[in-house]
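Subject: Structure handover

Hello,

Here is the structure you asked to take over. Please open it and keep it in view while you read my notes.

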Amino acid sequence: MKKIRFIDKIGMILNMKGGITIAGTKFSRQRQCIIEYLKETKQHPTAEMVYLHVQKKYPNISLGTVYRNLKLLADQGKIKRLCYGDSKERFDGNISQHNHFICKQCDNVIDLDMESFEHINTLAQVYFSGKIEGHITYFYGVCKGCLNKINTETSNDTKKTEIEK
């Protein structure tokens with residue numbers, strides 16, 4: 001019996017088993033598991049974190065396979081690859097335009113729910129003779145959890161100093 005396939009707007013082929021074949025690549029349950037994990041998590045995991053998650057379902061998967069699939073998915077625009085500073089690459093299943101905050105204390109990456117500032121491309125174009133097609137903006141600082149920890153430690157240190165006097 002011949003499989004019936006449907007092509008959707010973004011060029012993916014959906015087969016009757018519910019698997020997704022990304023244009024030009026063979027369907028892979030492992031790749032599908034990676035995509036599903038990245039779409040459901042807000043964690044912005046590293047490749048190693050993705051590997052540990054996928055390995056629960058597919059114990060024989062290698063870290064190399066995860067890296068290759070992450071690269072393929074990022075190259076195809078199915079996921080975002082986040083590269084900043086000296087830190088390890090992180091991956092995001094949310095491919096819509098949004099910004100990220102990176103905590104300098106714990107290296108956590110957090111989605112910022114804020115108004116778009118796409119007009120920055122137009123502003124930058126004034127100072128550039130080529131064609132600006134987009135931008136990537138990362139915000140840095142200390143997250144709420146780390147601030148609370150710092151404030152607690154500072155408070156405890158102050159109490160110890162007062163007791164010692």
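F117 is buried, with a relative accessible area of 17%. That value falls under the 20% cut-off for buried residues. Bear in mind that this is a predicted model.

F117 also has a ring partner. The structure holds two aromatic pairs. In one of them, the ring centres of F117 and F139 are 6.4 Å apart and the planes stand at 85°, so the pair is edge-to-face. The pair links distant parts of the chain. F117 sits in the loop between strand 7 and helix 4 (119–125), while F139 belongs to strand 8, and 22 residues separate them. F139 counts as partly exposed, at 30% relative accessibility. In general, a pair of aromatic rings is described by the distance of the centres and the angle of the planes.

How do strand 6 and strand 7 run, parallel or antiparallel? Strand 6 (residues 99–103) and strand 7 (residues 109–112) run antiparallel, joined by four bridges. Look at F101: its bridge partner in strand 7 is I110. Five residues lie between the strands of this hairpin, and D107 takes a positive phi near 65° there.

As background, strands of a sheet pair through backbone hydrogen bonds, either parallel or antiparallel.

Now turn to helix 2 (residues 47–57). Which of its residues are buried? They are A47, V50, Y51 and V54. These residues cover an arc of only 100° around the axis, which puts them on the same side of helix 2. An α-helix has 3.6 residues a turn, so residues three or four places apart point the same way.

What covers that buried side? The cover of the buried residues includes helix 1 (29–40), helix 3 (63–75) and strand 5 (90–92). The face turned away from the buried side carries the exposed residues L52 and K56.

E48 is also in helix 2. Is E48 buried or partly exposed? E48 is partly exposed, with a relative accessible area of 24%. Leaving aside neighbours within four places in sequence, E48 is in contact with L63, Y67 and K88. With Y67 there is a side-chain polar contact of 2.6 Å. K88 is 40 residues from E48 along the chain, yet their C-alpha atoms are separated by 9.7 Å.

Last, look at T65 in helix 3. T65 is buried, with a relative accessible area of 18%. Its side chain makes two polar contacts to find on screen:

- T65 to the side chain of S62, at 2.9 Å.
- T65 to the side chain of R68, at 3.2 Å.

Best wishes

Terms used: Residues are numbered from 1 along each chain as its sequence is written. This is a predicted model: local features need pLDDT of at least 70, side-chain atom pairs count only at pLDDT 80 or more; totals for chains, interfaces and linings use all residues. Side-chain values use heavy atoms; hydrogens and water are left out. Two strands pair if DSSP finds at least two bridges between them. Helices (H or I, at least four residues) and strands (E, at least two) are DSSP runs, numbered from the N terminus. Buried means under 20% relative accessible area, exposed over 50%, partly exposed in between (1.4 Å probe, protein chains only). The arc is that of the directions from the helix axis to the C-beta atoms. Contact means heavy atoms within 4.5 Å. Rings of Phe, Tyr and Trp (its six-membered ring) pair if their centres lie within 6.5 Å; planes under 30 degrees apart count as stacked, over 60 as edge-to-face and the rest as tilted. A polar contact is a pair of N or O atoms within 3.5 Å; within protein, one must be able to donate a hydrogen and the other to accept it, and residues adjacent in sequence count only if both atoms are side-chain atoms.
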